[in-house]
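Colleague: Please go through the terms used for this model with me. I would like to hear how each label is decided.

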Amino acid sequence: MTEKTGVFICECGENIAGEIDIDKLCKKTGAKEGVDEVLKHKLLCSDDGKKFMEKEIREKNLTKAVVAACSPRQHEETFRTVLKNADLNPFLMQMANIREQCAWTVKDTEKATEKALSLINGAVKRVRHHKPFNVKEIEAKADAMVIGAGAAGIEAALTLAQKGRKVTLVEKRPYVGGQAALYEDVFPGMECSLCMLEPRLDSVLHNDRIEVLTCSEIEEILGFIGNFTVRIRKKPRSVEPSACFGCTDLCIGACPEKTENEYDMGLSERKAIYTPFKGAMPNVPLIDREKCRHFNGSDCSECSKACQFGAIDLNEKEEIIERKPGAIIIAAGFEEFDCSKIPQLGCKEIEDVYTGMEFERILNAQGPTEGKLLKKDGSAPESAVIIHCVGSRSEKYNNYCSKVCCLNSLKFSHMMKEKNNEMRIKHIYRDMTLPDKEGQKIFDEARENGIKFIRVEETNDIKIEKDLGGIKITPPNSDPIHTDIVILSASIQGNSSLKKLSEMLDFEITEGGFAEELHNRLSPVSTAVEGIYIAGCAQGPKNIPEAVSSACAAAGKILSRLLPGDKIKLEEVTAQIEEDLCSGCRTCIQLCPFKAISFNKEKNISEINEALCKGCGTCVSGCPSSASSSRLFTETQISSEISGLLEGSDE
Amino acid sequence: MSKKKLALYWNASCGGCEEAVVDLGEDLLKAAKVFEIVLWPVAMDYKYKDIEKLKDGEIDATLINGAVRTSEQRNKAELLRKKSKTVVAFGSCAHTGGIPGLANFHRKKEFFNWIYHDSPSVTNPDEIQPQEKTSVKEGELHLPRFSDTVKTLDDVIEVDYYLPGCAPPVDLIKEALNAILKGELPEKGAVLAPDKALCSECERNESKPEKIDLKNIKRVHTKKLDEEKCFLEQGVICMGPSTRSGCGERCINANMPCRGCFGPPPRVKDQGLKFLSGLASLFDASETEEIKKIVEGITDPGGLFYLYSLPSSLLKRKYVTRREKEMEKIKELKKEIEKREDEIEEKTKELQRKLRELEDKNSNEAL
Amino acid sequence: MNNGFTPQIIAFLCNWCSYAGADKAGGRHDEAPQGLKVVRVMCSGRVEPRDVIECFTRGADGVLILGCHPGDCHYKEGNHKALRRYHLLKKMLPQFGIENERVKLDWVSSNEAKRYTEIVNEMAKSISRLGPFNEDGKQ
């Protein structure tokens, strides 16, 4: 069939017709090589205009179309749909922007008409080289995986657990609830944290569509959107949950081995068989095989003998489990900055100097002191100093603000005052971060309560020393302060497991060890890898409502992208590598921002996974052999467009 | 059956392609048995008149090496095209312009000025330069016209096949001759070498990392080169990714990076620009200052990326800017002024001398 | 020194930032140079040195590449890649007698209509001063 190109010229009411001599343009366009029909219309995007276009394509048997009108950013989709309706492949069209780029910006009518002709000619010469193609679809699973069962992870899992979908929730720790489950109260309402979380934890553990894997870590992730394969290393709990009645006294009571309890930040001891804290869910103890005598040379099995329900399973083996989700949310959370990196603050060296997380456990009713505010020597403190911005906002440590610690510090002073109203409490701070609706109120209330605030230039330069009867705090260029206990409000940073995940998935880690989002304004829960989302503090410092919001957002992204039973449409303008021309030089692989290109060692060529390709074209321009080409931005198309635009320009 | 007629000719070249043919060794004798060589200036004594006498298309195949920059070379190329069924552009110079092509960064004027009088080892006070036409009492002498621009062979005549390389390797030459003999040549316009770029055959490609972060580009002579790692990985420029394979990696095996003599892969029209894009893609820098620092390490990008292919590139040669033209005009005018000033000075001296003579005469007579 | 010469400038604009900025400038009816002709690409990273030189060999007097500001690229880093190629090309241009001012790369975001107008008009002015590219060839 011979090629027949039709040029549709839109008058756009007076917008174009008022500035350009339409009749002259039609005539001159008709005289251009490659133009078979010239059809003008008052307003092509109107219903009438679209019908007109469809009719003309059919009646005149057009095989290619050029639409000279407004910006393609406005109506490219509109006119592609018209072509589809006229049974013409939608990509056999090119627009010439004779409105924003011509009628509206060139003052003289004759000059504008001349320029419009050039722009149309460019499109005509380009469209000659357009080839039809169809947008590809691939099979996709609607199931999801959430990594991390903290506040964000749980919210994501519950939102995702809809009909037709399954969710696998993978948690490194032996309990669900993350860091939030370790707090006593949360601001602003001083609500009991675990009580607040408990209904949700219960939901997630008893939801038919959610599989919770505790004591589990991600071993390997392969694949792409709709088709991931994840291998999970499930460590043995050594206690069978279905058999365990949750009494926890018998096995734990019988265990002869003691060790530091990491969930109390080392402030208390636990046994080798233990629960992280009272009320931890699932309510099933686990054996720390590194400390347990049975796994370290002896044949001790006291816990097994003590358990009346036969729930102890010393023979349980580590398992590698495979799951195939369609998308993954990384909600691996945060960890606290290691304050011992600033030796002069005395963390771990001086008694009664506590980090934020340590103090949370002290305040916690299930913690090392059962919630009683006591110094190391057992006596009650009469004074306290809370130091803000430890490890924060400094080039030497984490050079950002952790957003939540100021209000958290005010929470601490509030809770201390509740326990002992006579306590003299001071905050040493740099600036006060009091966001959201309640921040200011919490601060005002603290001041009303007689809590003092001392502002300094830099809190990381404070010197903390032991003193006769207490602790001496000396801020730089300031008089020293004496106090009984010190709390270091430390910076929060990305959980260390994010590093391993970033290597597996090729997303970037930013300062502070957080996962990098795709666009920091408009795509805060997506990553550069399609199908991998981030939620909660894994992306950056957040308070609980923000973490929950981002989890809902990430879950929403998955719910709308992956519909059960539906295939997913891929990007239209993808690139392809011609096997016969690819030399295997791998230049494209390091160029692709979406990790869509991989190397086939057998064939010694690079291959593009069209499911991941976003059509940016950088591999096309970077390929030293021109083996990679774009569907809609080929070398020939661009050269022809350039030629057409410059033709006859020296007349 | 009569033997197939074969001609070999050379234009602007170094003679290396002739040596490559001689490298066929004993196979050359075999070739002489099956081909009738009707022209081969370096080895045999046929004259151009003999070629002119042949019928059009009588020569079965002509292998022409060398680029084209004089009228003589153009005339011979056109003559041989007329008399040949098949013309093969033999070697880099004929294919993409070769090293003589680098002359396109300058103009004839610059060369002739340097060679014939500006060079420190030349004494030529009258600034005599070769002329196309010189009149002597016996008549007119002609020299071929020397153009500003070096051209590829296919820029002046229609070329049927290309045999790339500086010089083409013996095995490719043998294959080509066999194909000509048997009449089994591919589609017209083909390059008689594999389609993929050098990396596809290079031994060092296997261990090449997926990410090469070029922070420093080193020139070949400034560091000890590892014998197994990819050159680009070592920070040394290797044109392999944009150069057709088929050469047997002679340079790579001698621990030197590829310089691009086989010309670009099939889809690439301009070898230098494509390689430039691929090389810049490997830079480990995102800010202008960092990028510029890396770029500093490439002292002569044009000469390096177009070592063998300048005449076949998109731009083909250096353009003269308006400013340059104006500067030249100013220089010429200045020279003209100097010349006139010298003439005036000479004339003035002459007149003054005459005046003194007359004055002396006058005073003598008065006495 | 204009001599009635309208500089032909090809501008490669990326769909997400600079093309949108140009549309906005059009919406404001900002005057654009007569000879400025736009080639739309999805990302400035798609533009390679060969495209720039093709413009010159087909009659352009200047080439402009406008991408997203660093950090804003819709495809993460396409603009950075364009920048690397651009600087290496710029180093080579003098060897071909192409004046520095004839090729320019800059960043324009989708709401910088004014900036777009300034950049394109400034470019047209500076190319006017230089004169046409390959004058002799065009005659």
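Colleague: How many residue pairs are in polar contact between domain 1 and domain 2 of chain B, and what makes a pair a polar contact?

Modeller: There are five such residue pairs between domain 1 of chain B and domain 2 of chain B, both residues being at pLDDT 80 or more. A pair counts because an N or O atom of one residue lies within 3.5 Å of an N or O atom of the other; within protein, one atom must be able to donate a hydrogen and the other to accept it, and residues adjacent in sequence count only if both atoms are side-chain atoms. This is a predicted model, in which local features need pLDDT of at least 70 and side-chain atom pairs pLDDT 80 or more, while totals for chains, interfaces and linings use all residues. Residues are numbered from 1 along each chain as its sequence is written, chains are lettered from A and ligands numbered from 1 in the order written, and side-chain values use heavy atoms, without hydrogens and water.

Colleague: What makes the pair Arg267(B) and Glu578(A) a salt bridge?

Modeller: The closest N and O atoms of Arg267(B) and Glu578(A) are 2.8 Å apart. A salt bridge needs a side-chain nitrogen of Lys or Arg within 4 Å of a carboxyl oxygen of Asp or Glu, so the pair qualifies. The rule finds one salt bridge across the interface of chain A and chain B, and zero between domain 1 and domain 2 of chain B.

Colleague: Why is Met423(A) called buried?

Modeller: Met423(A) has a relative accessible area of 2%. Buried means under 20%, exposed over 50% and partly exposed in between (1.4 Å probe, protein chains only), so Met423(A) is buried.

Colleague: Where does Met423(A) lie, and which residues does Met423(A) touch?

Modeller: Met423(A) sits in the loop between helix 12 (405-419) and strand 22 (424-429) of chain A. Leaving out residues up to four places away in sequence, its contacts (heavy atoms within 4.5 Å) include Leu373(A), Pro381(A) and Met416(A).

Technical notes. Helix = DSSP H or I, 4+ residues; strand = E, 2+ residues; numbered from the N terminus.
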